[in-house]
Amino acid sequence: MSESPAGSGSRPNVRLEDFEKRIHLRQLTMDDYPALVEMQELCFPGMAPWSEDQIRSQIEIFPRGQLCLESDGRLIASSNSLIVESDMHTAWHDWTRISDNGHIRTHSDSGDTLYGIEIMVHPDHRGINHARRLYEARKALCRELNLARIVIGGRIPGYGAQADRMSAREYAEQVISRGLYDPVLTTQVANGFVLRELIPDYFPADTASRGYATHLEWTNLDHVPDPSTRWQRVSRVRICAVQYRMRHIDSWDDFHTQCAFFVDAAANNKVDFVVLPELLTNQLMAVDPGRRPADAVRTLAELTPAYLAMFSALSVKHNVNIVGGSQFTIDEAGRLQNVAYLFRRDGTIERQPKLHLTAEEKRWWGVEGGDGLEVFDTDRGRVAILLSYDVQFPELARIAVDRGAQILFVPFTAEDRDAYLRVRYCCQARAVENEVFVAAAGTTGNLPFVVHADTHYARSGIFTPLDTSFARDGIAGESSENVETLVTADVDLELLRRHRLGGTVRLLEDRRPQLYERRG
């Protein structure tokens with residue numbers, strides 16, 4: 001009888017880590033992109049995989065909704081989703097529109113529904129409940145965010161083999177009753193999803209499903225409705241544009257008094273934003289009018305620290321966000337720039353240099369243009385600043401809106417009616433073509449003997465898209481010509497969102513960018 005190893009008194013060297021399966025649930029990152037595409041091509045052969053732009057957009061907009069499973073450092077499953085408002089998406093069959101063709105710029109943090117746009121498990125790792133792990137992660141996210149439901153448009157890849165013998169309805173009924181097995185629908189039903197409808201031509205490229213898909217829902221029984229929400233929600237933003245009269249002043253204190261007065265008056269109306277005109281600090285050149293223009297503006301730039309301190313203090317004191325017109329500023333490279341500043345009411349400050357310069361600005365003052373457009377997050381939406389001449393370049397507004405801007409602020413100065421009308425008409429055009437709110441604030445009055453800043457013409461206003469949801473003429477509020485005053489109006493970001501999704505025309509959605517590409 002042979003001697004057993006146990007009988008020899010020795011013990012096998014058992015290492016638990018040799019038997020462990022390290023499965024880690026985490027958020028997707030751009031480092032996962034190559035492995036994600038490789039897995040997608042294995043899971044859905046013949047279908048175009050995610051582009052790098054789509055995945056980057058998903059991660060930037062809603063990182064918590066982009067999940068994956070990792071086993072021993074290898075990507076083995078993934079799940080992609082966004083949040084939408086259910087009453088804006090009754091046509092759940094339109095995956096392309098709801099998901100923004102996978103870029104999820106339609107995501108809304110204020111929505112009530114988690115919409116799943118894809119889930120997949122690597123073929124080498126199926127049959128061990130990885131899909132369930134991802135569905136459970138989605139449910140946990142849904143509960144944590146107090147969302148009402150999860151909606152998915154699922155595939156039925158097993159139907160292709162049965163299509164000659166039964167209809168899609170018969171196939172789905174047999175899968176639900178466990179008479180047939182479908183690689184996707186069976187898993188979804190087992191995870192608590194209820195079939196609401198069959199959707200023909202959902203994804204024609206999906207030949208295995210014969211183009212069909214299923215609309216399924218999972219209801220969050222822990223959802224607590226907002227008791228204050230009885231009607232359609234609104235997201236009001238009150239904007240005040242200051243039409244500021246340029247006049248002779250004797251000191252910085254005079255300038256401070258004027259600015260403080262207008263901010264205080266606007267704050268009394270409980271506004272969220274106060275917008276002042278471009279280069280309102282040019283008033284200070286009247287204190288010493290004999291200087292050469294190029295020298296005068298560089299001297300004026302030395303007051304930038306005082307300008308920043310003043311408007312930052314006014315913003316915090318009055319609890320209002322201020323677009324402080326603009327001020328000549330010398331940047332770190334020694335360049336003289338015309339810079340608009342956003343003073344948030346929490347004390348933080350952002351800057352936006354003017355990007356396009358007129359021939360006169362370059363000739364008289366030696367100003368140089370900035371290098372890029374910024375879009376800023378605020379407590380009342382995402383905003384961008386287009387300084388005067390910049391609003392006359394349609395590309396900038398489109399870039400800002402593509403980056404999420406909901407309001408464009410246009411501080412301007414115009415020497416006569418023609419110059420003003422160029423700004424005015426372009427503001428309204430940008431509002432219509434980009435489905436965005438535009439608030440313009442200009443200077444009036446005169447500064448005798450201040451070269452290239454002596455005469456001013458303005459009619460400030462707050463402009464909207466043109467549709468039945470907004471003011472009849474696309475003007476939420478407008479001042480009289482050349483009168484020092486305030487113009488205040490409410491705009492509704494929720495109304496803007498609904499307009500973009502379901503307006504009479506949908507200019508952003510109906511674009512055909514393939515026609516606009518530069519060729520040759």
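Two strands pair if DSSP finds at least two bridges between them. The legends below apply this to a predicted model.

View 1. Strand 2 and strand 3 (residues 74–84) run antiparallel, joined by 5 bridges.

**View 2. Strand 2 is covered on both faces.** Leu67, Leu69 and Ser71 sit on one side. Cys68 and Glu70 sit on the other.

View 3. How many disulfides does a search of the whole structure find? The search finds 0. A disulfide is a covalent bond between the sulfur atoms of two cysteines. Take cysteine 43: the closest cysteine sulfur belongs to cysteine 68, 13 Å away, so the two are too far apart for a bond. The cut-off for a disulfide is 2.5 Å between the sulfur atoms. Cysteine 43 is buried, at 11% relative accessible area. Cysteine 142 is also buried, at 0% relative accessibility.

**View 4. Threonine 281 is buried in a loop.** This loop runs between strand 9 (273–276) and helix 8 (293–301). Is threonine 281 buried or exposed? Its relative accessible area is 1%, so threonine 281 counts as buried. Its side chain makes a polar contact with the side chain of glutamine 327, at 2.6 Å. Beyond residues up to four places away in sequence, threonine 281 touches Phe255, Leu300, Tyr307, Ser326 and Gln327.

**View 5. The largest nonpolar core and a second one.** In soluble globular proteins, nonpolar side chains tend to be buried together. The largest nonpolar core here has 52 residues. Leu36, Leu114, Tyr115, Ile117, Ile150 and Phe193 touch the most other members. Strand 3 gives this core its largest share, 6 residues. A second, separate core has 40 residues, including Met246, Val297, Leu357 and Trp365.

**View 6. The surroundings of isoleucine 150.** Which residues are in contact with isoleucine 150, leaving aside its neighbours within four places in sequence? They are Leu114, Arg138, Lys139, Cys142, Phe193, Leu216, Glu217 and Trp218.

Key
Residues are numbered from 1 along each chain as its sequence is written. This is a predicted model: local features need pLDDT of at least 70, side-chain atom pairs count only at pLDDT 80 or more; totals for chains, interfaces and linings use all residues. Side-chain values use heavy atoms; hydrogens and water are left out. Buried means under 20% relative accessible area, exposed over 50%, partly exposed in between (1.4 Å probe, protein chains only). Helices (H or I, at least four residues) and strands (E, at least two) are DSSP runs, numbered from the N terminus. A polar contact is a pair of N or O atoms within 3.5 Å; within protein, one must be able to donate a hydrogen and the other to accept it, and residues adjacent in sequence count only if both atoms are side-chain atoms. Contact means heavy atoms within 4.5 Å. A nonpolar core is a set of buried Ala, Val, Leu, Ile, Met, Phe, Trp, Tyr and Cys residues joined through side-chain atoms within 4.5 Å.
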